[in-house]
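Please look over the model below before reading on. The paragraphs after it go from the overall fold to single residues and then to the contact of two chains.

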Amino acid sequence: MKNELPKWADYILLPLINLTVAFIVAGMVVMLVGENPFEAAYILVRGAFGYGGGIAYTMYYATNFIFTGLSVAVAFHCGLFNIGSEGQAIIGALGVALAALTLDNLMPWWIVFPLAIIGSALFGAAWAFIPAWLQAKRGSHIVITTIMFNFIASSIMVYALVELLKPAGSMAPQTRTFEQAGQIPKLDWLFELFGSSLQGAPLNLSFFLALIMAFLVWVLIWRTRFGYELRTTGTNPTAAVYAGIPPVKTIVITMLISGGLAGMMALNPVMGDQARIELDFTAGAGFVGIAVALMGRSHPLGIILAAILFGMLYQGGAELSFDMPNISRDMIIAIQGLVILFAGALENLFRPSLIRLFSRFSRDSDNTLAEAA
Amino acid sequence: MEVLFGLDVLNSTIRLSTPLLLAALAGLYSERAGIVDIGLEGKMLGAAFAAGAAASVAGSAWIGLFAAVVISILLSMLHGFASITARGNQIVSGVAINFVVAGVAILLGQTWFGLGGKTPQLRGAERLLEIDLPGIELLSDIPLIGWLYSGLLSGHGILVYVAFLAVPITWWILFRTRFGLRLRALGENPAAVDTAGISVSWGRYRALVICGLLCGIAGAYLALGLSAGFVKDMTAGKGFIALAALIFAKWKPVNVMFAALLFGYLEAVGIRMQGKIFPVIGEVPVAMIQALPYVLTVVLLAGFIGKAIPPKASGIPYVKER
């Protein structure tokens, strides 16, 4: 009896089963709240894909989740669990603000935007550096340090907004609104191409940036020498060291990339939508990244699909809460948890029975082959 | 000085340390048995919601406490099933529990009570009220002892005393009983426990039951003692501060108490410093004081003040040799 599943079952069937179970349980929660789960699902999908603005919002949210999902996935490949994407995104926003607040009066957007990309990536990477270095050099568990760094990051953001960046005379803890040059152009033309419009949705150029990053991550992990070293360190650290792969360097560089990707997530809400930093602009996107990476099996293509699914949940969920007041945005948090539970922690729950099922089929075909012979 | 060492601050230190202490002790049992528990936060939140909801419906704080403990143990068993039986990733499972609880608690709260996720305000017997220790009148006139006994030690909720009593009891269980020896062995070398003919899974499940029990009490204290009912996000990262306290204490019960007191003290001082202007230093940014527990823990983890070494086998699912 073989103890392995065919590749397609491992990468497509098993995740689909896990996801289905997660949504069945979510449906049970909907029933517990006293609503019809099928009707809820219908409203949710219609809200997310039923009209131009809905689709644009779905893609806007998906942009955030592609960045954070990639961030978590890159670290996963190296055997590191980066729970700190949230904090790295928060600090990344300071890099965005640095570029936008100083240059938006002086330069056009096509200079400010690339500088903001660099700023966000550098700040995010810097925030990942200390946990990475502590893990590599001192063996401090990266899960714990990145959790701590999330809290420290949000404290720094509160301090920065209240004490440093808030315009004089203003009460709200937020920066001033960026000028036109400090904003990322929206993708109206893309939707007008299809005879639709954004209808006020903040979908912007950073969506394409996210797709480019997904491609670059794929190249990095499966087509470069460093990617090979990264994966080797992830699957077998001892063998990696034996093969001459420097562990400290690999861990630190991996986390810098991971933190940089998380930092870039800040571009989308800060420069693409609100045109200023508000408290809690991340809205938990860093944590959604964990669910997205787990569901997408840490593959960029899977991450894009999973990010769109979560974008759908966020956008459709917002519409759902209008029609069914009992189902608030908290439903999305619950679904997120269920996806992490079934696609992550319990990912192997159905594997043994699936293996048994497959081996029975293959044994049957072996027998018929033998009889025919 | 009053802000830093007044009776008021010290009393609120004790109150704010209590949930941290209980949750950190819960984490101690779990991690000493080899199960990493990121889900302390979620379990506490679930317990707080169960306590608030049950106490308000049944009109009794004790039923609230019971419900909190039951829910917390059930969540702990879910974590156990994922990490012991299904051999899943323990960190992922903990993260999942945090999210599921954060979402479901608010949804159910909104459906049942229609207050936007809150549970109704609790009154009288629905809360666990402060109790006076015996003899406070007799001792209150004696200098220092009266201040210490009547002013500081007396007049807290019963769960506060439970939390601080749990410290010596935990020490005794872990270091003076057969159960404790086996529990610690599960965290350091589960293969040896298995070789001795003792079930690793059963041992770890039992540790998680205790973990759930203590988290349940912590959550109940939040909803029934510290406040009067459940509100959204009421744990506000306390589960993670408890985790930090546990690491800060290097997984030792008595140290856990001091770490919880330290972090509780920082919280109490932080609340009082809000908006106060001090001579020389000026206004102390509250955000920085709130970040201090996390900074201290990272510094400790970095090995600059002693070295925090977790139980050797924690986080690794145990697979029996065949």
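A residue is called buried if 20 or more other C-beta atoms lie within 10 Å of its own, exposed if 12 or fewer, and partly exposed in between, with C-beta atoms placed from the backbone. By that count, 53% of the 373 residues of chain A are buried. This is a predicted model, in which local features need pLDDT of at least 70, side-chain atom pairs count only at pLDDT 80 or more, and totals for chains, interfaces and linings use all residues. Residues are numbered from 1 along each chain as its sequence is written, and chains are lettered from A and ligands numbered from 1 in the order in which they are written.

The scores of the model are ipTM 0.86 and pTM 0.88. For chain B the mean pLDDT (the predictor's confidence in each residue, from 0 to 100) is 86, and 95% of the residues of chain B reach 70 or more.

Chain A has 16 helices and 0 strands; helices (H or I, at least four residues) and strands (E, at least two) are DSSP runs, numbered from the N terminus. Along the principal axes, the C-alpha atoms of chain A fill a box of roughly 85 × 55 × 40 Å.

Two residues are in contact if their C-beta atoms, placed from the backbone, lie within 7 Å. Among contacts in chain A between residues at least 6 apart in sequence, 76% join residues at least 24 apart.

Which helix of chain A is largely enclosed by the rest of the structure? It is α12(A), residues 267-274, because 7 of its 8 residues are buried. These are A:L267, A:N268, A:P269, A:V270, A:M271, A:G272 and A:D273. Their cover includes α3 (52-77), α4 (85-103), α5 (109-138), α8 (206-223) and α11 (247-264) of chain A. Just after α12(A), A:A275 has a positive phi of about 60 degrees.

One of those covering helices, α3(A), also packs against α2(A) (residues 37-49), at an angle of about 90 degrees and with the axes 5 Å apart. Axes are lines fitted to C-alpha atoms, for helices over the stretch in contact, and angles run from 0 to 180 degrees between N-to-C directions. The two helices are therefore roughly perpendicular, a term for angles of 65 to 115 degrees. Here A:G47, A:A48 and A:F49 of α2(A) meet A:G54, A:I55 and A:T58 of α3(A).

A:I340 lies in α15(A), residues 330-345, and counts as buried because it has 29 C-beta neighbours inside 10 Å. Leaving out residues up to four places away in sequence, A:I340 touches A:I290, A:A291, A:L294, B:V92, B:V95, B:A96 and B:F99. A:G34 sits in the loop between α1 (7-32) and α2 of chain A and is exposed, with 11 other C-beta atoms within 10 Å. With the same exclusion, A:G34 touches A:N326 and B:T111.

The whole contact takes 38 residues from chain A and 36 residues from chain B. On the side of chain B, α5 (90-113), α12 (238-248) and α14 (286-301) each supply at least two residues, and α5(B) gives the most, with 14 residues.

Notes
Angles under 35 degrees count as roughly parallel, over 145 as roughly antiparallel, 65 to 115 as roughly perpendicular and the rest as oblique.
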